[in-house]
Amino acid sequence: MIEGGEDPTFIARRLLILASEDIGNANPTALVIANNCFQAVNVIGWPESRIILSQCVTYLASSPKSNAAYQAIIDAQKEVKESGNLAVLLDLRNAPTKLMKEIGYGEGYKYAHSYPNNFINQEYLPEEIKAKKFYEPGNNARENELRKRLKALWQEKYGY
(Lines give C-alpha, C1' and ligand atoms only; values in the text may rest on other atoms or scores of the structure.)
Protein backbone atom coordinates (compact mmCIF):
# COMPACT_ATOMS: atom_id res chain seq x y z
CA MET A 1 0.00 0.00 0.00
CA ILE A 2 2.81 2.37 0.87
CA GLU A 3 4.65 1.66 -2.37
CA GLY A 4 1.37 2.25 -4.16
CA GLY A 5 1.22 5.75 -2.73
CA GLU A 6 -1.29 5.27 0.10
CA ASP A 7 -1.14 7.78 2.96
CA PRO A 8 0.39 6.16 6.10
CA THR A 9 -2.31 7.79 8.24
CA PHE A 10 -5.01 6.05 6.19
CA ILE A 11 -3.23 2.72 6.67
CA ALA A 12 -3.01 3.31 10.44
CA ARG A 13 -6.73 4.16 10.51
CA ARG A 14 -7.57 0.91 8.73
CA LEU A 15 -5.43 -0.98 11.25
CA LEU A 16 -7.54 0.51 14.05
CA ILE A 17 -10.68 -0.81 12.39
CA LEU A 18 -9.10 -4.23 11.80
CA ALA A 19 -8.06 -4.47 15.44
CA SER A 20 -11.63 -4.05 16.61
CA GLU A 21 -13.65 -5.59 13.79
CA ASP A 22 -11.53 -8.66 13.03
CA ILE A 23 -9.57 -9.29 16.24
CA GLY A 24 -11.83 -7.85 18.91
CA ASN A 25 -11.99 -9.63 22.24
CA ALA A 26 -9.82 -12.48 21.02
CA ASN A 27 -6.96 -10.07 21.81
CA PRO A 28 -8.17 -6.75 23.27
CA THR A 29 -4.58 -5.48 23.36
CA ALA A 30 -4.67 -5.32 19.55
CA LEU A 31 -6.83 -2.19 19.72
CA VAL A 32 -4.38 -0.55 22.13
CA ILE A 33 -1.46 -1.39 19.83
CA ALA A 34 -3.34 -0.12 16.76
CA ASN A 35 -4.35 3.10 18.52
CA ASN A 36 -0.78 3.73 19.62
CA CYS A 37 0.34 3.03 16.06
CA PHE A 38 -2.18 5.55 14.70
CA GLN A 39 -1.02 8.21 17.16
CA ALA A 40 2.66 7.52 16.52
CA VAL A 41 2.23 7.64 12.73
CA ASN A 42 0.58 11.05 13.11
CA VAL A 43 3.37 12.32 15.38
CA ILE A 44 6.42 10.74 13.72
CA GLY A 45 5.56 11.06 10.05
CA TRP A 46 7.17 9.45 7.04
CA PRO A 47 9.58 7.64 6.55
CA GLU A 48 10.10 6.54 10.18
CA SER A 49 6.44 5.65 10.64
CA ARG A 50 6.93 2.71 8.26
CA ILE A 51 8.66 0.90 11.15
CA ILE A 52 5.71 1.54 13.48
CA LEU A 53 3.25 0.39 10.80
CA SER A 54 5.29 -2.76 10.26
CA GLN A 55 5.31 -3.57 13.97
CA CYS A 56 1.56 -3.04 14.21
CA VAL A 57 0.77 -5.05 11.05
CA THR A 58 2.85 -8.02 12.16
CA TYR A 59 1.24 -7.95 15.61
CA LEU A 60 -2.29 -7.77 14.23
CA ALA A 61 -1.63 -10.42 11.59
CA SER A 62 -0.32 -12.76 14.30
CA SER A 63 -3.24 -12.18 16.69
CA PRO A 64 -6.14 -14.58 17.16
CA LYS A 65 -9.24 -13.31 15.38
CA SER A 66 -12.86 -12.82 16.41
CA ASN A 67 -15.67 -10.71 15.04
CA ALA A 68 -18.02 -11.53 17.94
CA ALA A 69 -18.09 -7.96 19.30
CA TYR A 70 -18.67 -6.64 15.78
CA GLN A 71 -21.52 -9.11 15.30
CA ALA A 72 -22.99 -8.12 18.69
CA ILE A 73 -23.39 -4.46 17.67
CA ILE A 74 -24.88 -5.50 14.32
CA ASP A 75 -27.41 -7.72 16.13
CA ALA A 76 -28.23 -5.03 18.72
CA GLN A 77 -28.79 -2.38 16.04
CA LYS A 78 -30.97 -4.81 14.07
CA GLU A 79 -33.04 -5.46 17.19
CA VAL A 80 -33.56 -1.72 17.75
CA LYS A 81 -34.72 -1.30 14.15
CA GLU A 82 -37.13 -4.24 14.49
CA SER A 83 -38.40 -3.52 18.01
CA GLY A 84 -38.47 0.24 17.83
CA ASN A 85 -38.15 2.60 20.75
CA LEU A 86 -38.79 0.34 23.74
CA ALA A 87 -39.30 1.79 27.20
CA VAL A 88 -36.47 1.73 29.73
CA LEU A 89 -37.43 -0.37 32.76
CA LEU A 90 -38.76 1.72 35.64
CA ASP A 91 -36.10 0.22 37.96
CA LEU A 92 -33.37 1.74 35.80
CA ARG A 93 -34.84 5.21 35.49
CA ASN A 94 -33.44 8.09 37.47
CA ALA A 95 -35.92 9.64 39.92
CA PRO A 96 -34.90 13.27 40.44
CA THR A 97 -38.44 14.42 41.29
CA LYS A 98 -41.01 13.40 43.91
CA LEU A 99 -43.51 12.43 41.20
CA MET A 100 -40.99 10.13 39.51
CA LYS A 101 -40.26 8.44 42.85
CA GLU A 102 -43.99 8.03 43.49
CA ILE A 103 -44.59 6.27 40.17
CA GLY A 104 -41.70 3.87 40.76
CA TYR A 105 -38.71 5.29 38.95
CA GLY A 106 -35.55 3.68 40.33
CA GLU A 107 -37.52 1.40 42.64
CA GLY A 108 -35.95 -2.03 42.81
CA TYR A 109 -32.67 -0.95 41.23
CA LYS A 110 -29.71 -2.82 42.63
CA TYR A 111 -26.26 -1.23 42.42
CA ALA A 112 -23.98 -3.97 41.11
CA HIS A 113 -20.93 -2.68 43.00
CA SER A 114 -22.71 -3.37 46.28
CA TYR A 115 -22.73 -7.10 45.54
CA PRO A 116 -20.06 -9.82 45.39
CA ASN A 117 -18.01 -9.72 42.18
CA ASN A 118 -19.66 -6.33 41.44
CA PHE A 119 -22.52 -8.21 39.84
CA ILE A 120 -26.24 -8.65 40.40
CA ASN A 121 -28.53 -10.81 38.29
CA GLN A 122 -30.93 -8.05 37.32
CA GLU A 123 -32.79 -7.53 34.05
CA TYR A 124 -31.70 -4.44 32.12
CA LEU A 125 -33.48 -4.95 28.81
CA PRO A 126 -37.07 -3.89 28.12
CA GLU A 127 -39.77 -6.49 28.78
CA GLU A 128 -40.30 -7.18 25.06
CA ILE A 129 -36.73 -8.37 24.57
CA LYS A 130 -35.73 -9.44 28.08
CA ALA A 131 -33.11 -12.15 28.27
CA LYS A 132 -32.10 -11.58 24.64
CA LYS A 133 -28.42 -12.34 24.06
CA PHE A 134 -26.42 -10.14 21.71
CA TYR A 135 -22.83 -11.18 22.46
CA GLU A 136 -21.73 -14.72 21.71
CA PRO A 137 -18.03 -15.05 22.57
CA GLY A 138 -15.84 -16.50 19.86
CA ASN A 139 -14.00 -19.79 20.17
CA ASN A 140 -10.54 -18.62 21.23
CA ALA A 141 -8.60 -18.57 24.49
CA ARG A 142 -9.54 -15.04 25.61
CA GLU A 143 -13.23 -15.24 24.72
CA ASN A 144 -13.52 -18.73 26.19
CA GLU A 145 -12.46 -17.12 29.48
CA LEU A 146 -15.11 -14.43 28.96
CA ARG A 147 -17.68 -17.17 28.27
CA LYS A 148 -16.76 -18.94 31.53
CA ARG A 149 -17.15 -15.68 33.45
CA LEU A 150 -20.48 -14.88 31.81
CA LYS A 151 -21.75 -18.40 32.55
CA ALA A 152 -20.62 -18.16 36.18
CA LEU A 153 -22.42 -14.84 36.58
CA TRP A 154 -25.59 -15.41 34.56
CA GLN A 155 -25.86 -19.19 35.10
CA GLU A 156 -28.25 -20.56 32.47
CA LYS A 157 -29.94 -17.26 31.57
CA TYR A 158 -28.13 -16.66 28.28
CA GLY A 159 -26.97 -20.17 27.49
CA TYR A 160 -23.25 -19.50 27.78
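**Note on the predicted model**

1. Cysteine 56 has a relative accessibility of 2% and counts as buried. This value, like those that follow, is computed from a predicted model. Cysteine 37 is likewise buried, at 2% relative accessibility. For cysteine 56, the closest cysteine sulfur is that of cysteine 37, at 4.0 Å, which is too far for a bond. A disulfide would require the two sulfur atoms to lie within 2.5 Å. The structure accordingly holds zero disulfides.

2. A cis peptide bond is present between tryptophan 46 and proline 47, with omega at about 10 degrees. Proline 47 belongs to the loop that runs between helix 2 (29-44) and helix 3 (49-62). As background, most peptide bonds are trans. The reader may wish to inspect this bond in the model.

3. Where does the largest pocket find its lining? Its residues are Glu123, Tyr124, Leu125, Lys132, Lys133, Phe134, Tyr135, Leu150, Trp154, Tyr158 and Tyr160. The space in this pocket comes to about 160 Å³. By class, the lining comprises eight nonpolar residues and three charged ones, with no polar residue.

4. Three aromatic pairs are found in a search of the whole structure. One of them joins tryptophan 154 and tyrosine 158 in an edge-to-face arrangement, with the centres 5.1 Å apart and 85 degrees between the planes. The rings of tyrosine 158 and tyrosine 160 also pair: their centres are 6.1 Å apart and their planes stand at 55 degrees, so this pair is tilted. The label of edge-to-face is kept for planes over 60 degrees apart. Ring pairs link Phe119, Trp154, Tyr158 and Tyr160 into a cluster.

5. Trp154, Tyr158 and Tyr160 are among the residues that line the largest pocket.

6. Lysine 133 lies over the face of tyrosine 160, at 4.6 Å from the ring centre.

7. Asparagine 117 has a phi near 60 degrees, which is positive although the residue is not glycine. Its place is the loop between helix 5 and helix 6, and asparagine 117 is exposed at 58% relative accessibility. Glutamine 155 likewise has a positive phi near 60 degrees and is not glycine. Glutamine 155 is placed in the segment after helix 6 and is partly exposed, at 48% relative accessibility. In general, most residues other than glycine have a negative phi.

8. The loop between helix 5 (98-102) and helix 6 (141-154) also contains tyrosine 109. Tyrosine 109 is partly exposed, with a relative accessibility of 41%. From tyrosine 109 to glutamate 123 there are 14 residues in sequence and 9.7 Å in space, C-alpha to C-alpha.

9. Lysine 98 is located in helix 5. It is exposed, with a relative accessible area of 65%. Lysine 98 and valine 41 are separated by 57 residues in sequence and by 54 Å in space, C-alpha to C-alpha.

Key
Residues numbered from 1 in each chain as written. Predicted model: local features only at pLDDT ≥ 70, side-chain atom pairs only at ≥ 80, totals over all residues. Heavy atoms only, no water. 1 Å grid on protein atoms, 1.4 Å probe; cavity = no way out; pocket = protein on both sides within 12 Å on 5 of 7 lines; lining within 4 Å. Points joined across faces, edges and corners; volume = space filled by probe spheres on them. Nonpolar A, V, L, I, M, F, W, Y, C, P; charged D, E, K, R; others polar. Phe/Tyr/Trp six-rings, centres within 6.5 Å; stacked < 30°, edge-to-face > 60°. Lys NZ or Arg CZ within 6 Å of the ring centre and 35° of its normal. Buried < 20%, exposed > 50% of the residue type's maximum accessible area, 1.4 Å probe, protein only. Helix = DSSP H or I, 4+ residues; strand = E, 2+ residues; numbered from the N terminus.
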